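Here is a short note to read beside the model. Take the points in order, and find each residue as you go.

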Amino acid sequence: MDQPTVGILHPGSMGAAVAACAATNATAVLWCETGRSTASAARAAEFGLTPVVALAELLDRSDIVISLCPPAFAEDLARDVAEHRFAGVYVEANAINPTRVQRIAALLAPTATVVDGGVVGSPPVGGKAPTLYLSGPADATARIEALFTDTAVQTSVLGTEVGKASALKLSYASFQKTSRVLVALAVGMAREHGVDQELIEVASRRTDSYLSEPQYVAKTAARAWRWGPELEEAADALAAAGLPPEMLRAAASTLARWHEVKDDSALTLTDALDRLAHP
């Protein structure tokens, strides 16, 4: 199979790193610089991505397009792609619920082939090796597997039904991310009563407890702007399955208190807890 040209929408911390892995087996990896921030441009340059000015050019040149953006923008982005009648493979790899993925697949039909994707793990840099779960037409998922062969991005095909990959991603995220929110609340309450160190000592006796990692609260706060909408998507998926969504909506509401510290790598545990108690 000839090496494809790949387009990435858009090069955030995950998208840029995944795109760089795709470059191993691609002729080129393109990104559209119009309307993007200087931070996006810097990331794209760091990972060796090729800039184009217009979305239309990216779509005309690309055989495969990978969409990795904040969940709230996934459908609008797909609608823009549909307006250009993109005719390649569209990997919907955002953290959105299965119903939205299926809606996007219908939106892009019949010209594009949609592969449902879900990334579980950290961006593939510094030895990290996330897994990209895939579901959709077999010939299309095979092309995505080939694209990431011998790279830091592992792939796993879950079947031909669009929605399965997103369901797995959100099922895992609903536990993992909500657990981190519960840690922040537990440590915050313990700190208020002067027993936060004792709480951490209790938790450290259980090596599988997130409570033994309170330093991660600051990272949770810095990622809250992405995690909150993702948990709202997971809540919608729970509701669609007839399961109670209130716990995840409450976690998303808690994360919203950290909206102003987006990607703040200098944030400390004390800062994060202060902002949680006094938004």
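1. Which residues line the largest cavity? They are Val 18, Ile 66, Leu 68, Val 91, Ala 93, Val 119, Leu 132, Ile 144 and Phe 148. Lining residues have an atom within 4 Å of a cavity point, and a cavity is a set of points on a 1 Å grid over the protein atoms alone where a 1.4 Å probe fits but cannot get out.

2. Before going on, note the ground rules. This is a predicted model, where local features need pLDDT of at least 70, side-chain atom pairs count only at pLDDT 80 or more, and totals for chains, interfaces and linings use all residues. Residues are numbered from 1 along each chain as its sequence is written, and side-chain values use heavy atoms, with hydrogens and water left out.

3. Back to the cavity. The search of the whole structure finds one cavity of 30 Å³ or more. The largest cavity holds about 30 Å³ of space; a volume is the space filled by probe spheres set on the points, which are joined across faces, edges and corners. Its lining has nine nonpolar, no polar and no charged residues. Here Ala, Val, Leu, Ile, Met, Phe, Trp, Tyr, Cys and Pro count as nonpolar, Asp, Glu, Lys and Arg as charged, and the others, Gly among them, as polar.

4. Helices (H or I, at least four residues) and strands (E, at least two) are DSSP runs, numbered from the N terminus.

5. Next, Ser 135. This residue sits in strand 7 (residues 131–135). Is Ser 135 buried or exposed? Ser 135 is buried, because its relative accessible area is 0%. Its side chain reaches the backbone oxygen of Glu 161 at 2.9 Å. A polar atom of that side chain also lies 3.3 Å from the backbone nitrogen of Ala 165. Both are polar contacts: N or O atoms within 3.5 Å, one able to donate a hydrogen and the other to accept it within protein, with residues adjacent in sequence counted only if both atoms are side-chain atoms.

6. Now the rings. The count comes to one aromatic pair. Phe 175 and Tyr 210 form it, tilted, at 6.4 Å centre to centre and 35 degrees between the planes. Phe 175 lies in helix 7 (residues 164–192) and Tyr 210 in the loop between helix 8 (196–204) and helix 9 (216–222), so the pair ties together parts 35 residues apart in sequence. Rings of Phe, Tyr and Trp (its six-membered ring) pair if their centres lie within 6.5 Å; planes under 30 degrees apart count as stacked, over 60 as edge-to-face and the rest as tilted. Phe 175 counts as exposed at 53%, and Tyr 210 as partly exposed at 22%.

7. Last, check the backbone. The peptide bond from Leu 9 to His 10 is cis, with omega near 0 degrees. The bond from Ala 109 to Pro 110 is cis, with omega near 0 degrees. Arg 85 is not a glycine, yet its phi is positive, near 55 degrees.

Technical notes: On a 1 Å grid over the protein atoms alone, a cavity is a set of points where a 1.4 Å probe fits but cannot get out, and a pocket is an open set with protein on both sides within 12 Å along at least five of seven lines; lining residues have an atom within 4 Å of a point. Buried means under 20% relative accessible area, exposed over 50%, partly exposed in between (1.4 Å probe, protein chains only).
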